[in-house]
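Me: I am new to this kind of picture and would like to learn how to read it step by step. Could you take me through the features in turn?

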Amino acid sequence: MSSQKFVRAGVGRGLGGMVVSAVGYRSQGIPPRLHRGLPSPYLTLIFSLDGPVVGGVTPEQARGPGASREEIVVGGLHQRPAYIVQPGCEAGVQLAVHPLAARTLLGLPAGALASDLVTSGTDVLGKRVAEVRERLCEQRSWADRFATLGGYLRERAAAGEGGTPVRSEVAEAWAWLARHRGAGTLNGLAEHVALSPRRLTSVFRAETGLSPKQAARLTRFQHARNAVVRAVAAGRAPDLARVAADCGYYDHSHLVRDFRQYTGVSPTAWLAEECRNIQAGGHLYGEE
């Protein structure tokens, strides 16, 4: 008998917004398939509770001998989908981490993760994180797993508090983009933080791995994608023209172009692939 379950929890309590969402997932008896891990304005941290997460930058790589195989995955901000081979049975926890929390929680700026689509969690977080994963695998309840992860992340946050802070201009620029949901101009943002557009782009990219314009597009896409997901989860056909207007796109075609860039397919094709996951409670990472 096939089943699929997603469980959400407040792992980020006490972390001041550094962890935006935490989702436990388990499936069994599901036909194996290739899943698209979509770009978002958040870093991804995955603890697999079964075998390794197998993936690549193309479907061919994900299915071939050159695939990445990690039991703990750290993903930076990226502009294209990651392709993940989903087996018939799998379980794990996926966290959406605010990119400006990377220095505190991960020990390095998000920009340092930009060169690779995924990075080994132990390479970033050290051997202690492997012990945390082993404990998660031994525990039988989601409540215990989330409590373990929350405690570990609070330890990381406390240890990282004395590190190099994020530049105030970058922090305010990110907050401005979030408030405007990706709308506005680079010149307007640069004026707001009192930097030239070129200087802002330089320091923003060094910290996050994206330019302000790229971050703005990702932020807008995240809101649009979540609006589509909420409609499907509620049993409604999404009105893409309305979603485009509400999320700051010029028109429906503009939204479709962004969907094709970030998913590799049209909104309709993506929904056909992901309908089961959405109906089971997935795909609202980063916007509860």
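Predicted model: local features only at pLDDT ≥ 70, side-chain atom pairs only at ≥ 80, totals over all residues.

Me: How many bridges join β5 and β8?

Reply: A pairing can be followed bridge by bridge. Strand β5, which covers residues 53-56, and strand β8, which covers residues 82-86, are joined in the antiparallel sense over three bridges; as one case to look for, Gly 56 has Tyr 83 in β8 as its bridge partner.

Me: How many helices and strands does the chain have?

Reply: For the whole chain, the secondary structure comes to 12 helices and 10 strands.

Me: Why does the radius of gyration agree with that of a compact globule?

Reply: The idea is to compare the chain with an expectation for its length: a compact globule of 288 residues would have a radius of gyration near 19 Å, and the chain has 19 Å, so the two agree. Along the principal axes, the C-alpha atoms fill a box of roughly 55 × 50 × 35 Å.

Me: What percentage of the residues count as buried?

Reply: Burial is judged by relative accessible area, with under 20% counting as buried, and 53% of the 288 residues fall in that class. The chain exposes about 13300 Å², of which carbon and sulfur atoms supply 50%.

Technical notes: Residues numbered from 1 in each chain as written. Heavy atoms only, no water. Pairing = 2+ DSSP bridges. Helix = DSSP H or I, 4+ residues; strand = E, 2+ residues; numbered from the N terminus. Rg over C-alpha atoms; globule rule 2.2 N^0.38 Å. Buried < 20%, exposed > 50% of the residue type's maximum accessible area, 1.4 Å probe, protein only. Areas by Shrake-Rupley, 256 points an atom, 1.4 Å probe, with all protein chains shown as cover.
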